[in-house]
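Visitor: I would like to walk through this model with you, one question at a time. Could you show it to me and start with the terms we need?

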Amino acid sequence: MRFWLLVLLIPGVVFLLVVDGRNDYRALDLLIQDVYDDALLEPAKVLENSIHFDSKGQLVIEPPLYVQVMLESHAGNRKYYRVEEIAPVQEALAGMETREISGQTLMGMPGLPRPPRLPLVEGTPVLYNAMYRNDEVRLVALWRDLHYNGLHRQVLVMVGESVDQRLKTRQEMWRDSLFRDIRMVILAVLLVWIAVQWTLWPLSDLRREIRSREVDDLTPLDQEAVPKEIIPLVTAINHHIDLSREVLNRQARFLADASHQLRTPLAIMRTQAQYARREQDVTRMRETLDAIIHQLGRTSRLTEQLLSLAHASRNDPTPHMPVDLAALAREAVLLYLPLAREKQQDLGWVDAAEEEGKCGKEELVWVLGSDAELHESIANLIHNAINHAGVGRTITVSAGSDGEYAWVSVCDNGVGLEPTLRESVFSRFDRGRRDKKSQGGGGSGLGLAIALAYAQRNRGTIELHDGDPSPDEGVGLCALLKLPAYRPEAEA
């Protein structure tokens, strides 16, 4: 309790003193400025009201005597004024830059600086600072349009005074306030220094313990061995240790994911090469070789996506563009046909539009996403079905859209998966133990996890449902990739 009172209250007092002194400084400066500006504005207004036309149509300035007294200079407070007629007459003076106008002095000191720009409203004062005869001057200016019997004249009234008197007043008031605040700040700083020396000594023991540890020692610190005031700090350090340990675990899992993802395309290319070697038809052999070349390009792109997967925890934004989900699914089916044939499986594509009785061109299923990442997600679903459906089974891939969501389904009539296990199989390395053993290779348990990760990076998800009826009176598995639908015509 003493630690918190000293560490929080005393610096808080110092902070409040500094803030309070700064606010006093500003308030005092504004107060002095307003008082002197108001005193400067009064003679300017009186001079403005003293200008009028005589019977001959000439401008006459008849200021009262007390204004003349107000404009007299005194020691430390030099006064300046000027009444200027603007010639030629301008169409509109509101907001006009003064360097664009000319005029002649009717009364006062020639050459008294004008404001940079005239105010927008007639008779409205504008305050500004300028130099006149090597003297810093605070001035007020206002302009008037005068009309009399068809005559139109324009005048500019300027009144100013040196800033010496207001600077002197400001310095005197500041000095008293500053000395008072300095004394309080020095006292508060001294108390803080004493409090820090007295209360932070337990940190020295904690520092020695941390420095004596080995580099790979990630065991949590013992909270019972430190004073209760330091327990929040130790808790934070232990939290950081847990995060570091989790980062190392993620790196290990990422290496496993990378090996799994690279192994799959290599196996496909090996199967394609074996198929090409057995093929007697030169044309089909060339087609298979083209597929191998295409898969090499896909593998290169897959390697780049594995690098982005390593940074998935940073939530880096994924570039989204219009993608035809149906085209990606058809491409993935063609890619995995040799692997399915090797397991005597019937891997096929069914167009959702034809299945619903629609005729015409194949339906385009648009989504916003990364084509490479969505392709990998679909490919993992198909590869997972080939691995686990069993020999001689049927795997059907289709795509469609209901207006709100676009989807790709990968359904089989294999051994299926119990509903209670359908959430756990998305965990890494979870193979989903079944009552019946699958008739195909088991895999590393990363396929569905990686497919879901790519789907989530593209604002989608994956759901598992019952698939097609299997020959052994069971039911297969259906994996459904869902993403928000996109309508290109909506942006047109």
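Guide: Two strands pair if DSSP finds at least two bridges between them. Strands (E, at least two residues) and helices (H or I, at least four) are DSSP runs, numbered from the N terminus. The model is predicted, so local features need pLDDT of at least 70 and side-chain atom pairs pLDDT 80 or more, while totals for chains, interfaces and linings use all residues. Residues are numbered from 1 along each chain as its sequence is written, and side-chain values use heavy atoms, without hydrogens and water.

Visitor: Thanks! How many bridges pair strand E12 with strand E14?

Guide: Strand E12 covers residues 405-412 and strand E14 covers residues 475-484. Ser409 has Leu480 as its bridge partner in E14. The two strands pair in the antiparallel sense, and the number of bridges is seven.

Visitor: Which helix packs on the sheet and touches E9, E11, E12 and E14?

Guide: Look for a helix touching those strands, E11 being residues 394-401; contact means heavy atoms within 4.5 Å. Its direction makes about 165 degrees with that of E9, where axes are lines fitted to C-alpha atoms (for helices over the stretch in contact) and angles run from 0 to 180 degrees between N-to-C directions. The helix spans residues 325-342 and is H7.

Visitor: And what angle does helix H10 make with E13?

Guide: Helix H10, residues 447-457, also packs on the sheet. It touches E13 and E14. The angle between the directions of H10 and E13 is about 130 degrees.

Visitor: How many residues of H10 are buried?

Guide: Buried means under 20% relative accessible area, exposed over 50%, and partly exposed in between (1.4 Å probe, protein chains only). The buried residues of H10 include Leu448, Ile450, Leu452, Tyr454 and Arg457. H10 is largely enclosed by the rest of the structure, because the buried residues among its 11 number nine.

Visitor: Which strands stand at the edges of that sheet?

Guide: Five strands form an open sheet with mixed pairing, in the order E9-E11-E12-E14-E13. Each edge strand has a single partner, so one side of it is left without a neighbour in the sheet. From one strand to the next, the twist averages 20 degrees. The edge strands are E9 (346-351) and E13 (461-469).

Visitor: Let's turn to E7. Why is strand E7 largely enclosed by the rest of the structure?

Guide: Strand E7 runs over residues 151-162. It pairs with E6 in the antiparallel sense over 12 bridges, and seven bridges join it to E3, again antiparallel. E7 is largely enclosed because its buried residues number 10 of the 12.

Visitor: Which residue of E7 is the bridge partner of Glu85?

Guide: The residue you want stands opposite Arg144. It is also 68 residues from Ala87 in sequence and 9.0 Å from it in space, C-alpha to C-alpha. The partner of Glu85 in E7 is Val155.

Visitor: Which residue in the turn between E6 and E7 has a positive phi?

Guide: E6 and E7 form a hairpin with two residues between them. The phi in question is about 50 degrees, and the residue is Asn149.

Visitor: Is Ala87 buried or partly exposed?

Guide: Ala87 lies in the loop between E3 and strand E4 (103-108). Leaving aside neighbours within four places in sequence, it is in contact with Ser102 and Gly103. Its relative accessibility is 35%, so Ala87 counts as partly exposed.

Visitor: How many aromatic pairs does a search of the whole structure find?

Guide: Rings of Phe, Tyr and Trp (its six-membered ring) pair if their centres lie within 6.5 Å; planes under 30 degrees apart count as stacked, over 60 as edge-to-face and the rest as tilted. By that rule, the number of aromatic pairs found is two.

Visitor: How many residues apart in sequence are the parts tied together by Phe53 and Tyr148?

Guide: Phe53 and Tyr148 are stacked, at 5.4 Å centre to centre with 15 degrees between the planes. Phe53 is in strand E1 (residues 51-53) and Tyr148 in strand E6 (residues 135-148), so the separation of the parts they tie together is 95 residues.

Visitor: What is the angle between the planes of Tyr80 and Tyr132?

Guide: Tyr80 and Tyr132 form an edge-to-face pair, 5.3 Å centre to centre. Tyr80 lies in strand E3 (residues 79-86) and Tyr132 in strand E5 (residues 126-132), so this pair ties together parts 52 residues apart in sequence. Both residues are buried. The angle between their planes is 85 degrees.
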